[in-house]
Amino acid sequence: DAKTTQPTSMDCAEGRAANLPCNHSTISGNEYVYWYRQIHSQGPQYIIHGLKNNETNEMASLIITEDRKSSTLILPHATLRDTAVYYCIVGKGAQKLVFGQGTRLTINP
Amino acid sequence: NAGVTQTPKFRILKIGQSMTLQCTQDMNHNYMYWYRQDPGMGLKLIYYSVGAGITDKGEVPNGYNVSRSTTEDFPLRLELAAPSQTSVYFCASSQTLSDPYVQYFGPGTRLTVT
């Protein structure tokens, strides 16, 4: 499975867009990009996934570069409740869902 | 629809004791998973199940056992608790094993072994 690289931590002002980058330069053609987040002491929560095209849902947008070597998760109007650790995961098959250390996003008032 | 529920929320064990962590899902998912998360670290897969009666090892299965007698329940058993098993344990379920898929997680069980 492809490995991912994310910044250890990021800060964002409340109400602004939070852009979380992820590098997955060794991704293979049939591997999806998934984003989960984990709010303190809670179980991880699915956010969004994509293969080639950009995706948007009620929580976030996912922008995948044309070469698929990196992606960006966008929270359009961050709130204090979006403070969490965000995991970018690339893989195929459920047993290969590998959670790394993620990006600790802090939303500041 | 409660999703994935786990009991207990917290537990303190002495070295050598045994216990069972309970996990139940009401989404009729075939696939269930157990993860552990050590402080400041990501999740590691312990065991998973693709259906009633079928289980398989994940990345860190040593010291644990699982069973899956029903679609809803996937208990995790610790036989001889060791300090290295101090961790937060998460149970999850998914509808499919093929991409794309989503895993739904329970709230976790915080276990301390002293």
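**View 1. The hairpin of β5(B) and β6(B) has two residues between its strands.** Here G53(B) takes a positive phi near 85°. The strands, β5 (residues 43-51) and β6 (residues 54-57), belong to chain B. They run antiparallel and are joined by four bridges. I54(B) in β6(B) is the bridge partner of G51(B). Strands are DSSP runs of E with at least two residues, helices are runs of H or I with at least four, and numbering starts at the N terminus. Two strands pair if DSSP finds at least two bridges between them.

This is a predicted model: local features need pLDDT of at least 70, side-chain atom pairs count only at pLDDT 80 or more, and totals for chains, interfaces and linings use all residues. Residues are numbered from 1 along each chain as its sequence is written, chains are lettered from A and ligands numbered from 1 in the order in which they are written, and side-chain values use heavy atoms, leaving out hydrogens and water.

**View 2. The hairpin of β4(B) and β5(B) has five residues between its strands.** In this hairpin, G40(B) takes a positive phi near 75°. The pairing of β4(B) with β5(B) is antiparallel and spans six bridges. Y33(B) stands opposite Y48(B) of β5(B).

**View 3. Strand β5 of chain B is mostly covered.** Seven of its nine residues are buried. Buried means under 20% relative accessible area, exposed means over 50%, and partly exposed lies in between (1.4 Å probe, protein chains only).

**View 4. Y31(B) sits in strand β4 (residues 31-37) of chain B.** Its relative accessibility is 16%, so Y31(B) counts as buried. T7(B) is 24 residues away from Y31(B) in sequence. In space, the two are 19 Å apart, C-alpha to C-alpha.

**View 5. Chain A has nine strands and zero helices.** Along the sequence, the pattern reads β-β-β-β-β-β-β-β-β. The radius of gyration of chain A is 13 Å, close to the 13 Å that the globule rule gives for 109 residues, so chain A is as compact as a globular protein of that length. That radius is taken over C-alpha atoms, and the rule is 2.2 Å times the number of residues to the power 0.38. The C-alpha atoms fill a box of roughly 40 × 30 × 25 Å, taken along the principal axes. Buried residues make up 43% of the 109 in chain A.
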